[in-house]
Amino acid sequence: MEKLVIHGQKRLKGEVTVSGAKNAAVAIIPATILSDGDCTIENIPDILDVSILKDILTDLGSNIKKLNDSSLYIDNSNINSFTATNKQIGKLRASYYLMGALLGRFNKAVVTFPGGCDFGVRPIDQHIKGFEALGAKVEIEHGKVIITAQKLVGAPVYLDVVSVGATINIMLAAVKAEGVTTIENAAKEPHIVDVANFLNAMGADIKGAGTDVIKIRGKKHLKGGHTYTIIPDQIEAGTYMIAAAATKGDVLVKNVIPKHMESLTAKLQEMNVKVDVFDDSIRVYSRDKIQKVNIKTLPYPGFPTDLQPPITSLLCRAEGTSTITEGVWDNRFQYVDELKRMGAKIKVEGRMAVIEGPVRLTGAPVRAMDLRAGAAMVVAGLMARGETVISNISYIDRGYERLEEKLRALGADVERIK
Ligand code: EPU
């Protein structure tokens, strides 16, 4: 078991380049199944979730070649199975995209029930509702989701909750359905637009991605032969912006789409952190005291739930009492007990955390409870006096490419040990 050891209180300084978006990559890789041709995908992050998906697709019959550190060539002409049930699938939340993609290609899909980070109930009822609306029958047996359709026929789908996964999954199935599907109350996250752009590059007809009504006109065949570049990772960018503020540093975060960062930029500025926004980079610097703020996480364009854990660590430094209300997940404050080991004064009541500041965190042995909780421990470790040892870091590796290398280049004292 590897661990990250951080000696904190070093100001982060310099430049960091953000990798491709995890949550776009984990949808676009399964989406390639919808074409029986080939494609090249660039700006793919080199993270554990991506390598698990590569293995799953290879098992299904894909021919995948790594062209360089961030590009994959994928040829799906030989995929001949609609059954994705290997052990790895249970580890990965995004394996649910195999359902929409295999269903779109074969009118059938058998996929192990998805796993992933645990922060409360993670239902897939809206995904199922969408598949059923398109004419599929969905059964869950022995831990597998079995989906079958005579043919898929476009239909209106109204999502009862704004769901990123359901929006993308329904899009994946609907691009091959006969006729028109409309998804109402769709999620608007940047990676939804990215997946739609990728599918449109294969010849799909999707309009309205990025708004709450998406209209998909099904196509019989999606072509291959194109190259697509994934957008930069909004959450990785946000994590470095927060880490810069947390260490009173001065960091230029490069390869970002500033529009995607607006909710975080606004909150950092409200906290009295300096943020300069350029075309495709953002500089975050601060030597001053940080002011308390209240935050509520919401679907995009609201403040992202995936940045809630790392910004909680930062708020331990703020003058006064801050609150964070979690508006997306039921139970995403489990990591708070780990922060308390480092001296944080945080009370959690239901979906709200009350963070008393300023507190000087001190290093301690802590666990990464999930991916973004791991990011919270890293930010806290960078701020803290003394040594922080983070265990369970395979969670962090699932979503952050070369984290300790990037942090070290900014002057952090971080080491990975066995
Ligand atoms: N929900 C339902 N029914 C469904 C689907 C979702 O009730 O069928 C509820 C969930 O319980 C939750 C809310 O809807 O309360 C939103 O869930 P959503 O479906 O949007 O989440 P997801 O697609 O499973 C993705 C990201 C998460 C991110 C959320 C919200 C991927 C692979 N995962 O999850 O990212 O927190 O959207 O933005 O894209 C992460 O990267 O660390 C991560 C957890």
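Predicted model: local features only at pLDDT ≥ 70, side-chain atom pairs only at ≥ 80, totals over all residues.

**Cavity linings**

Reply: In the lining of the largest cavity, α2 gives the most, with 3 residues. The volume of the largest cavity is about 80 Å³. Its lining has 13 residues, of which I44, D46, V50, K54 and D69 are the closest to the centre. Sorted by class, the lining of the largest cavity comprises 5 nonpolar, 4 polar and 4 charged residues.

The count is 2 cavities of 30 Å³ or more. For the second largest cavity, the volume is about 30 Å³. The residues lining the second largest cavity are P232, D233, Q234, A237, V256, I257, H260 and M261. By class, 5 of these are nonpolar, 2 are polar and 1 is charged.

For context elsewhere in the chain, there is also an open sheet of 4 strands with mixed pairing, in the order β10-β11-β13-β12. Strands β10 (156–158) and β12 (205–207) are at its edges with a single partner strand each, so one side of each has no neighbour in the sheet. From one strand to the next, the twist averages 15°. The partner of β12 is β13 (residues 213–217); the two run antiparallel and are joined by 3 bridges. D205 has R217 in β13 as its bridge partner.

Terms used:
Residues numbered from 1 in each chain as written. Heavy atoms only, no water. Pairing = 2+ DSSP bridges. Axes fitted to C-alpha atoms, helices over the stretch in contact; angles between N-to-C directions. 1 Å grid on protein atoms, 1.4 Å probe; cavity = no way out; pocket = protein on both sides within 12 Å on 5 of 7 lines; lining within 4 Å. Points joined across faces, edges and corners; volume = space filled by probe spheres on them. Nonpolar A, V, L, I, M, F, W, Y, C, P; charged D, E, K, R; others polar.
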